[in-house]
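Q: I have a model open and want to learn to read it. Where do I begin?

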Amino acid sequence: MSFLPLADVEMNNETQPFWDALHNKTLLLPRCTSCTSVVWYPRAHCPVCFSTQLQWEEMSGRGTVYSYSIVAKGNGRWKESGPYVVAYVDLAEGPRILTNIVGVAPSEVHINMPVQAVFDTGDDARVLLRFTSVSSS
Amino acid sequence: MSVRGKAFIAGAYEHPLRTIPNKTVQQVHAEVAAGALADAGLSFSDVDAYFCAGDAPGFGALSIAEYLGLQLTHIDNTETGGSSYLLHVQHAAEAIAAGHCHVALITLAGLPRSSGAGIGGAGRFGSAPEISFENFFGLSIVAGYAMAARRHMHEFGTTSEQLAEIKVAAASHAQHNPNAFLQNAVTVEEVLQSKMVADPLHMLDCCVVTDGGGALVVVSPEVARKLSRQSVPVLGTGFAVKHVNNGRIDLTHTGAVVSGPRAFAEAGLAPSDIRYASIYDSFTITVLTTLEDLGFCEKGKGGEFVSNGGLQAPFGKLPFNTDGGGLCNNHPSNRGGITKVIEAVRQLRNEAHPAVQVPNCQFALAHGTGGNLATRMGSATLILGQEV
């Protein structure tokens, strides 16, 4: 659990299963049954082979840091968050996704650092997929 | 169909102010339009095509065309962020070559300084399909470019000192521009000691936030011949979209790897022919990566290329952004773009400040990067010359 802001995500029929799964602490992503690509971000259409035959599949939640930045001071609701880490994480299953690295000092974060999914929930229905270092999870 | 030599930039105008209180955005569009038309020796009644992008309020080009009182047979609202206006030049050249119009007006205007907006774009993307998967992680514009810089450093050994050299060159040019927002020279040390905004990018790695605008007039060869003012032929154009690509983005290159070769092929020129380059400089890393992607140096060698005054006018390897660029002079509406074309036209007309005018500037390149290096972008390259 981190103290970074959550947000009201925009759910729709294409993305609802992804968000529902996060609430159950599971990472589900669509996999194309035609070309086998894991699709990111979730949608009803495979942007690689253009098939609409996709199946939801549980991901391992494991990955590595591809790149990151320590933001000194955020804007808006992030203003009081102090230094925080924005990163791209390479999921073991393929996609490179935008996220935060939490639960570890920003100065400890490095490229290729092994990370594990954190299901960051608030008091209400909101949830975001963040990552923490494998050693601190 | 090639547009090589089929259209000419006859008018170019940059608003002289960097803070414009008490004016509307459309008023600034009108002021820069009048400036560019006067530069060309034309008037509003000569215009038969109008181009603008997302900075135009209301119904975009339709609203502003009506506000200005234009009577049009062609219009284009293409929005690709800061590269829009370079793409508009390409579109104008295509429309002129196809006979749809003869005098095309392109404008940009914005008031982010007076309206208190920070660096970055307006919040117009609320319903974008990617929004819930990106914007909720505190991804500031700077942080996106910072991730690109971090990865470039990791793969190629690029340093913060090398990025700072880009700002140092821009600042050395801005000293000669009395309209530039920042007119002071800076050192590598001053860049490195400026506040860290999003590691590894410092405050002085970032562009300025300014009010302002600019306009261009693109005309057919027949119109150009009748004008007394020197006009600048469009020799090569290239555009490409680069996006996240199903979560497989590579942060170390831009769409310039596609747009650049296309523009050079159309112009029949190579990077070594270019005497002056306007390179989109939202951040120092934008310049470094773009220079590599356009083929001015090998991929990964950008740091070396920009060091030791490589970008400094008039005698560096590749003089760049002699107006001071977005880093020092002007980044109107948080996107610039049009200012890149305007300074290239000044260089080709031999009208840059004497201290930074490139001698025998036969061919110039202007490149725009719109969107974000860390997600999706439109990359537009123009090659312009003194004559066809």
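The dialogue below goes from domains to the chain interface, then to a helix, a sheet and a loop.

Q: What kind of model is this?
A: This is a predicted model. Keep that in mind throughout.

Q: How is chain A divided into domains?
A: Start from the assignment. The domain assignment gives two stretches in chain A: domain 1 covers 8–59, and domain 2 covers 60–137. Then look at the spacing. Their C-alpha centres are 20 Å apart.

Q: How many residues does each domain of chain A give to the contact?
A: Domain 1 of chain A contributes 9 residues, and domain 2 of chain A contributes 12 residues. Next, sort one side by class. On the side of domain 1 that touches domain 2, there are 6 nonpolar residues, 1 polar and 2 charged.

Q: How many residues of chain A and chain B are in contact?
A: Count each side on its own. Chain A puts 34 residues in contact with 27 residues of chain B. By class, the chain A side has 22 nonpolar, 9 polar and 3 charged residues.

Q: Which elements of chain A give two or more residues to the side that touches chain B?
A: Look for strands 3 (62–71), 4 (84–91) and 5 (96–101) of chain A. Strand 3 of chain A gives the most, with 6 residues.

Q: In which sense does strand 3 of chain A pair with strand 5 of chain B?
A: The sense is antiparallel, over 2 bridges, and strand 5 of chain B spans residues 196–199. For a pair to display, take A:Ile70: its bridge partner in that strand is B:Asp199.

Q: Which residues of helix 1 of chain A are buried?
A: First the general idea. An α-helix has 3.6 residues a turn, so residues three or four places apart point the same way. Now the case. Helix 1 of chain A runs over residues 16–23, and its buried residues are A:Phe18, A:Trp19, A:Ala21 and A:Leu22.

Q: Why do the buried residues of helix 1 of chain A line one face?
A: Look down the helix axis. The buried residues of helix 1 of chain A fall within an arc of 160°, so they line one face of the helix. On the other side, A:Gln16 and A:His23 are exposed.

Q: What covers the buried residues of helix 1 of chain A?
A: The cover includes strand 1 (28–32), strand 6 (114–121) and strand 7 (127–133) of chain A. Check the backbone too. Just after helix 1 of chain A, A:Lys25 has a positive phi of about 55°.

Q: What is the strand order of the open sheet in chain B?
A: The 9 strands have the order 3-2-4-7-1-8-11-10-9, with mixed pairing. Strand 3 (74–76) and strand 9 (276–279) of chain B each have a single partner strand, so one side of each is left without a neighbour in the sheet. The twist averages 20° from one strand to the next.

Q: In which sense do strand 1 and strand 8 of chain B pair?
A: Strand 1 (residues 8–14) and strand 8 (residues 232–242) of chain B are antiparallel, with 2 bridges. B:Phe8 stands opposite B:Pro233 in strand 8.

Q: At what angle does helix 3 of chain B run to strand 4 of chain B?
A: The angle is about 165°. Helix 3 (residues 84–97) lies across several strands of chain B, among them strand 2, strand 3 and strand 4 (103–110).

Q: Where is B:Asp46 found?
A: B:Asp46 sits in the loop between helix 1 (25–40) and strand 2 (49–51) of chain B.

Q: Why is B:Asp46 classed as partly exposed?
A: Count neighbours. A residue is buried at 20 or more other C-beta atoms within 10 Å, and exposed at 12 or fewer. B:Asp46 has 16, so it is partly exposed.

Note on methods:
Residues are numbered from 1 along each chain as its sequence is written. Chains are lettered from A and ligands numbered from 1 in the order in which they are written. This is a predicted model: local features need pLDDT of at least 70, side-chain atom pairs count only at pLDDT 80 or more; totals for chains, interfaces and linings use all residues. Domain bounds come from an automatic or database domain assignment. Two residues are in contact if their C-beta atoms, placed from the backbone, lie within 7 Å. Ala, Val, Leu, Ile, Met, Phe, Trp, Tyr, Cys and Pro count as nonpolar, Asp, Glu, Lys and Arg as charged, and the others, Gly among them, as polar. Helices (H or I, at least four residues) and strands (E, at least two) are DSSP runs, numbered from the N terminus. Two strands pair if DSSP finds at least two bridges between them. The arc is that of the directions from the helix axis to the C-beta atoms. Axes are lines fitted to C-alpha atoms, for helices over the stretch in contact, and angles run from 0 to 180 degrees between N-to-C directions.
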